Amino acid sequence: MSRFRVLIVGAGFAGYEAARALLRHRGLRGHVEVALINPTDYFLYLPLLPQVSSGVLDPRRVAVSLPGTLPQARLVLGEAHGVDLDRRTVSYTGPEGDTGSMSYDRLVLTVGSVNRLLPIPGIAEHAHGYRGMPEALYLRDHITRQIELAGATDDPRECVARCTYVVVGAGYTGTEVAAQGKLFTDSLVRRHRVLRYVDQPRWLLLDIAERVLPELDPHLSRTADRVLRRRGVEVRTGQTVQEATADGVVLSTGEEVATRSLIWCVGVRPDPLVDRVGLTTVKGRLVVDPDLTVPGHPEVYAAGDAAAVPDATRPGSYTPMTAQHATRQGRTLARNIAASLGYGTARPYKHHDLGFVVDLGGSQAAANPLGVPLSGIAAGAVTRGYHLWAMPANRARVAAEWFLDAVLPKQAVQLGMVRSTAVPLDTESPELPRTLPTRGPQGN
C-alpha cells in the first residue's frame, strides 16, 4: 500500500520549514511521504545574498543542501508549470528538459516570488534583478569587471560611467545591496589603485518613497540612511528611473546619469504559477483561510510570498512578504497537515513581528529586536547573531568567512560563470540562469 503523499512545490522559507517540520513529526513517520519539487537542490538563505555579491561570503554558504538537511524527503528537481486540482497532480519540467507529473494527497504551494517589473522603457533590457543566486553571482562579477574596465580606459566619461552604480528600490534588499556594494567597490579601488579619472566609485540609491526602508520602523530607516550617507552613497528619495538605456538612465527629475550598472530591487510579485492554478487571488497572491488551506480545496495549502494569509494581528490585512512570516507559516502548515491526518488540532496562523535586522556591511547594521532600537556595533552583533540562529546549516562556515573578511582584504577576481544574458530581469525562474544559444559577443 502506497504511503500518504504531501507534495511541496517550492523550497523557500515556507516550503523548507514545512518539509522539515513534517519530517520531524513523530506521528507521521513511516506513514507520510514528503516530496519536494524545486528548481535547485538547495534552500537559499536570501537575507545573506547581498554578502555574496559584495565578496563577503562564498555562494555555497547561503545555499543549504536539501538532500543533506532533509535526507528523508523525496527531492524532484524541476520547475512546476501546472496544477490539476481535479486529478490532484502537479506537472513539471526537469533540468534537462524532460517533463513529468506527480500526484498528491496534500498539496503545499510555496512557490515564492519573482522580480516585479514596472512599465518603464528600457528596464527589462538593461536592468538586473536580485532574487536568486545567478543574479548575485552575475552582479559580483559585473561590479569587479566595471572597476577593472574603468581603470583600463583612456576615456574619462567612460570611466565615470563604469564607476557609477544605480540601485532602484530602497527596501530591505536594495538598501543592503547599496550599503555593502559601496564597501566592496571602495576596497577594490584602494587595493588596486586602478582609477585615474575618479576618486571613488559612485553609488546611487533611488526610491519613490520619502525614506529608505519605507515599510519598516522609522528608527531602522534613520539609522540606515545615516550609515549610507556617511559611507558616500547618494540617497535619492522621491525619485526613480524614468528611462534606461545601454549608456545610462534618466531619472524622474530629468537628470541623466551615465552608468553601466542598473540594479533593480523595486519589489517582488508572486510566482506566475499562482495565476495558472486558476484559484482566487489578491494582488497575485493565492487567497487562503486562516489555517492556510485554500477555500473549497481543503487538501491544498499555501503560504509565503505566494499566499494572501490573513494577518490576525491586523484584522482586514494580509501578512507582509517576509522571511519571518514565511518560516512560521511553514511550521503552521506542517501542524495543520498533521491535524488533517488525525494528529493534533489545526490552528489559524498568528504571529507578531519580532523586529527586523538590516545588515549594512562591516560592523554596521540597523535592528529593532523585540522593539528595542539598536544601531552601530551592537546592531551588527545582533544582526549576525540572528542570521546564524536562523540559518538551518552552514553556521560555522559563515562565521569563519565573516572573521576572514574582517581581517583580510577582499578578493577581486571575475569567475565569468554567469553572463548578462543568463539573468534577464523578466524571468519566472530567478533561481536558474537562462541558457540561450550564443550569437556573437555577449554583453557585460
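In what order do the six strands of the open sheet stand? The order is S5-S2-S1-S9-S22-S21, and the pairing is mixed. One caution before going on: this is a predicted model.

Start at the edges. S5 and S21, residues 293-294, each have a single partner strand, so one side of each is left without a neighbour in the sheet.

Now move inward to S2. This strand covers residues 32-38. Is S2 mostly covered or mostly open? Mostly covered: seven of its seven residues are buried. Look at the two faces. Val32, Val34, Leu36 and Asn38 point one way. Glu33, Ala35 and Ile37 point the other way. All of them are buried, Glu33 included.

With S1, residues 4-9, S2 runs parallel, and six bridges join the two. Leu7 stands opposite Ala35 in S2. How does the chain get from S1 to S2? The path goes through helix H1, residues 13-24, and this β-α-β crossover is right-handed.

Then there is S5, residues 74-77. S2 and S5 also pair in the parallel sense, over four bridges. Here Asn38 stands opposite Leu77 in S5.

Further along the order come S9 and S22. S9 is residues 106-109, and S22 is residues 297-302. They pair in the parallel sense over three bridges. To find the spot on screen, look for Val108, which stands opposite Tyr301 in S22.

Next, a helix. H7 runs over residues 172-192. Why does its length make sense? At 1.5 Å a residue, its 21 residues should span 30 Å; the end C-alpha atoms are 31 Å apart, which agrees. H7 is mostly covered, with 15 of its 21 residues buried.

Last stop: a pocket. The second largest pocket has a volume of about 530 Å³. How many residues line it? The lining has 19 residues, and Gly55, Leu57, Asp58, Arg140 and Gln411 lie nearest the centre. Two helices contribute: H5, 133-152, and H12, 395-407, each supply at least two lining residues. What is the lining like by class? There are 11 nonpolar residues, two polar and six charged.

To recap: a six-stranded open sheet with mixed pairing, a buried strand S2, a mostly covered helix H7, and a pocket lined by 19 residues.

Note on methods: Residues are numbered from 1 along each chain as its sequence is written. This is a predicted model: local features need pLDDT of at least 70, side-chain atom pairs count only at pLDDT 80 or more; totals for chains, interfaces and linings use all residues. Side-chain values use heavy atoms; hydrogens and water are left out. On a 1 Å grid over the protein atoms alone, a cavity is a set of points where a 1.4 Å probe fits but cannot get out, and a pocket is an open set with protein on both sides within 12 Å along at least five of seven lines; lining residues have an atom within 4 Å of a point. Grid points are joined across faces, edges and corners, and a volume is the space filled by probe spheres set on the points. Ala, Val, Leu, Ile, Met, Phe, Trp, Tyr, Cys and Pro count as nonpolar, Asp, Glu, Lys and Arg as charged, and the others, Gly among them, as polar. Buried means under 20% relative accessible area, exposed over 50%, partly exposed in between (1.4 Å probe, protein chains only). Two strands pair if DSSP finds at least two bridges between them. A crossover is right-handed if, with the strands pointing away from the viewer, the path from the first strand over the helix to the second runs clockwise. The expected span of a helix is 1.5 Å times one less than its number of residues.
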